[in-house]
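Here are my notes on the model you sent, in numbered points.

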Amino acid sequence: QVQVVESGGGLVQPGGSLRLSCTASGNGFSIYAMAWYRQAPEKQRELVARITNGGATNYADSVKGRATISRDNAKNTVYLQMNSLKPEDTAVYYCHCAADFGRIIKPYWGQGTQVTVSS
């Protein structure tokens, strides 16, 4: 099993910045890719940013230029730095880990962390 734990959410004023962290822990796996998704009220969950084990990244158009995803391979941790936050960034942010067990890759989700952008 893999446990995925996020941290770093909170209340931020418009134009502010926030850094989310996510750590995957467990035994017998390596990280294939990690990603951040978000879900706003009454909306579908959407991809925000993703980073592979090779370091390739991709971003949602809505956050390009404002978000940076990075990872610390030694700690199995991924970060999401978001700047110039807007009210429409308000959502629950979920971390997703694609865990490679050698013969199979399994998906795991964190419990989510609330980000609220409001004055």
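1. A strand here is a DSSP run of E of at least two residues, and strands are numbered from the N terminus. On that basis V48 is placed in strand β5. Please keep in mind that this is a predicted model.

2. Secondary structure. The protein chain has 11 strands and 0 helices. Its pattern along the sequence is therefore β-β-β-β-β-β-β-β-β-β-β. The radius of gyration is 14 Å, close to the 14 Å that the globule rule gives for 119 residues, so the chain is as compact as a globular protein of that length.

3. Overall form. Along the principal axes, the C-alpha atoms of the protein chain fill a box of roughly 45 × 25 × 25 Å. Of the contacts between residues at least 6 apart in sequence, 53% join residues at least 24 apart.

4. Burial and surface. Buried residues make up 41% of the 119 in the protein chain. The accessible surface is about 6400 Å², and carbon and sulfur atoms account for 46% of that area.

5. Charges. The protein chain carries 12 positive and 8 negative charges.

6. The core. The largest nonpolar core consists of 31 residues. Those with the most contacts inside this core are V4, A24, M34, W36, V78, L80 and Y93. At least two core residues come from each of β1 (2-7), β3 (18-26), β4 (30-39), β5 (46-52), β7 (67-72), β8 (77-82), β9 (91-100) and β11 (113-117). The largest share, 5 residues, is supplied by β9.

7. L80. Which residues is L80 in contact with, leaving aside its neighbours within four places in sequence? The list is L18, R19, L20, W36, V48, A49, A67, T68, I69 and Y93. Of these partners, W36 and Y93 are also among the residues with the most contacts inside the core.

8. V48. Is V48 buried or exposed? The relative accessible area of V48 is 1%, and buried means under 20%, so V48 counts as buried. Leaving aside neighbours within four places in sequence, V48 is in contact with W36, Y37, R38, N58, Y59, A60, V63, L80 and Y93.

9. V48 and T68. Both V48 and T68 are in contact with L80. Between V48 and T68 there are 20 residues of separation in sequence and 10.0 Å in space, taken C-alpha to C-alpha.

Key. Residues numbered from 1 in each chain as written. Predicted model: local features only at pLDDT ≥ 70, side-chain atom pairs only at ≥ 80, totals over all residues. Heavy atoms only, no water. Core = buried A, V, L, I, M, F, W, Y, C linked by side-chain atoms within 4.5 Å. Buried < 20%, exposed > 50% of the residue type's maximum accessible area, 1.4 Å probe, protein only. Helix = DSSP H or I, 4+ residues; strand = E, 2+ residues; numbered from the N terminus. Contact = heavy atoms within 4.5 Å. Rg over C-alpha atoms; globule rule 2.2 N^0.38 Å. Areas by Shrake-Rupley, 256 points an atom, 1.4 Å probe, with all protein chains shown as cover. Lys, Arg positive; Asp, Glu negative; His and termini not counted. Charge placed at Lys NZ, Arg CZ, Asp CG, Glu CD.
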